[in-house]
Amino acid sequence: MAGSVAVGVRWRLGARARRSVLLLHIASAGAWLGVDVVMAVLIFTALGSDDRATKALAFQSLELFVVWSLLATGLTCLATGIVLGLGSRWGVLRYWWVALKLALNLLLTGLVLVALAPTVGDAAERGRQAVAGAPVPLDVGDLIFPPIVSPAALAVAFVLAVFKPWGRIRKRATG
């Protein structure tokens, strides 16, 4: 039957499709790192400045640029990684390095929603209040961690993608 897939035959991406998805995967990871750099510049600008207006603007800018950009790049990287895993010999949970990259992606993308978004929202609100003249604290607090943790985790993912350590995840014995 034309177009049908035999039972037990894995679906594979064609060479052109694989290269296109891989390019999108690498580009989204690069964009993710770029957003991390923007986040670091804004947070360290707020940390290093004595000017309340500069701190307030940095906090408000975080809300505009960081959360949705990180979520979009993280989800794009996740989707393209899953497509690459399903459509190639590496699989999604067949090799340790792929599983660890998947875990890092899920962790970082989840942290954007659970931890970063509320913290950035609070900082942006304090920035708006400071611009309006309210005597609110403009300390960086927990915002110091994301521009350190995320690029470090992405660096680990980049190394895993290049060196592909540890080999296959063992199959469970059936009995």
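Is Arg 126 buried or exposed? Arg 126 is buried, with a relative accessible area of 14%, where buried means under 20% relative accessible area, exposed over 50% and partly exposed in between, for a 1.4 Å probe and protein chains only. This is a predicted model in which local features need pLDDT of at least 70 and side-chain atom pairs count only at pLDDT 80 or more, while totals for chains, interfaces and linings use all residues. Residues are numbered from 1 along each chain as its sequence is written, and side-chain values use heavy atoms, with hydrogens and water left out.

A salt bridge is taken as a side-chain nitrogen of Lys or Arg within 4 Å of a carboxyl oxygen of Asp or Glu, and the count comes to four; the table includes three of them.

| Pair | Closest N and O atoms |
|---|---|
| Asp 122 and Arg 126 | 3.3 Å |
| Arg 128 and Glu 125 | 3.1 Å |
| Arg 126 and Asp 139 | 3.5 Å |

Asp 122 and Arg 126 both lie in helix H4, four residues apart, helices being DSSP runs (H or I, at least four residues) numbered from the N terminus. Asp 122 is partly exposed at 44% relative accessibility, and Asp 139 is likewise partly exposed, at 45%. Glu 63, Glu 125 and Arg 128 are linked in a network of salt bridges.

Key: Helix = DSSP H or I, 4+ residues; strand = E, 2+ residues; numbered from the N terminus.
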